[in-house]
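Try each one before reading its solution.

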Amino acid sequence: MSEADAETLEELRTVANYQFGAGAGEALFPTGDDERVTVHRSTSGRPRQLVVENGRVVSYGTDGRFTLGIAGGQRLVDALDRPAARVVVGAESEPFVRDGKNTFAKFVRDVDPVVRPGDEVAVVREDDTVLAVGRAELSADAMRDFEAGMAVSVREGAGVDDDAEP
């Protein structure tokens, strides 16, 4: 990794800690040399996407916020204490959410209490398996209270569960 990429990752860790909470920066972009994080840049040199071997971790928007990829959502879920950065849904909505369909409030079982509309979240099932990532459309209180309405606008579903029973 170049020195410029190392400096960039340090700055992006700070942004991640601010956006998702303490520990998120290290979870998304570990400092160890075990894994290679590739920084894709715009023509102006600004970081746009950070990817690892198994997929996109995040995209870095011009607004200074991250949008999660499945790999990034999984890293946050693995590193942060429950329910941070999560929306937990029931089994009845799992196949739809995995397929990239939006998550509706009536299927939300639990949610990080500090989630606000516009926040990036991982949509998970009860055992913290990541089903999708996306943008919260409702506050945590509204997700718990509403019986209708979109809770999370899903950007990317995790795809078919190979371990599912036929």
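**Exercise 1.** In which loop is Asp128 found? Describe its backbone, burial and contacts.

*Solution.* This is a predicted model, in which local features need pLDDT of at least 70, side-chain atom pairs count only at pLDDT 80 or more, and totals for chains, interfaces and linings use all residues. Residues are numbered from 1 along each chain as its sequence is written, and side-chain values use heavy atoms, with hydrogens and water left out.

Step 1: Asp128 is found in the loop between β8 and β9 (130-136); helices (H or I, at least four residues) and strands (E, at least two) are DSSP runs, numbered from the N terminus.
Step 2: Phi of Asp128 is near 70°, a positive value in a residue that is not glycine.
Step 3: With a relative accessible area of 18%, Asp128 counts as buried (under 20%; exposed is over 50%, partly exposed in between; 1.4 Å probe, protein chains only).
Step 4: Leaving out residues up to four places away in sequence, Asp128 touches Gln74, Val77, Arg82 and Arg86, where contact means heavy atoms within 4.5 Å.

**Exercise 2.** Examine the loop between α3 (70-79) and β5 (86-89), where Pro83 is found.

*Solution.* Step 1: Start at the peptide bond from Arg82 to Pro83, which is cis with omega near 10°. Arg82 is also one of the residues that Asp128 touches.
Step 1: Move on to Ala85, in the loop between α3 and β5. Its phi is positive, about 60°, although Ala85 is not a glycine.
Step 2: Ala85 is buried, with a relative accessible area of 7%.

**Exercise 3.** Which residues lie nearest the centre of the largest pocket? Describe its lining too.

*Solution.* Step 1: On a 1 Å grid over the protein atoms alone, a pocket is an open set of points with protein on both sides within 12 Å along at least five of seven lines, and lining residues have an atom within 4 Å of a point.
Step 1: The lining has 15 residues, and Tyr18, Gln19, Phe20, Arg116 and Asp119 lie nearest the centre.
Step 2: The elements giving two or more residues to this lining are α1 (3-20) and β8 (120-124). The largest share, 4 residues, comes from α1.

Key. On a 1 Å grid over the protein atoms alone, a cavity is a set of points where a 1.4 Å probe fits but cannot get out, and a pocket is an open set with protein on both sides within 12 Å along at least five of seven lines; lining residues have an atom within 4 Å of a point.
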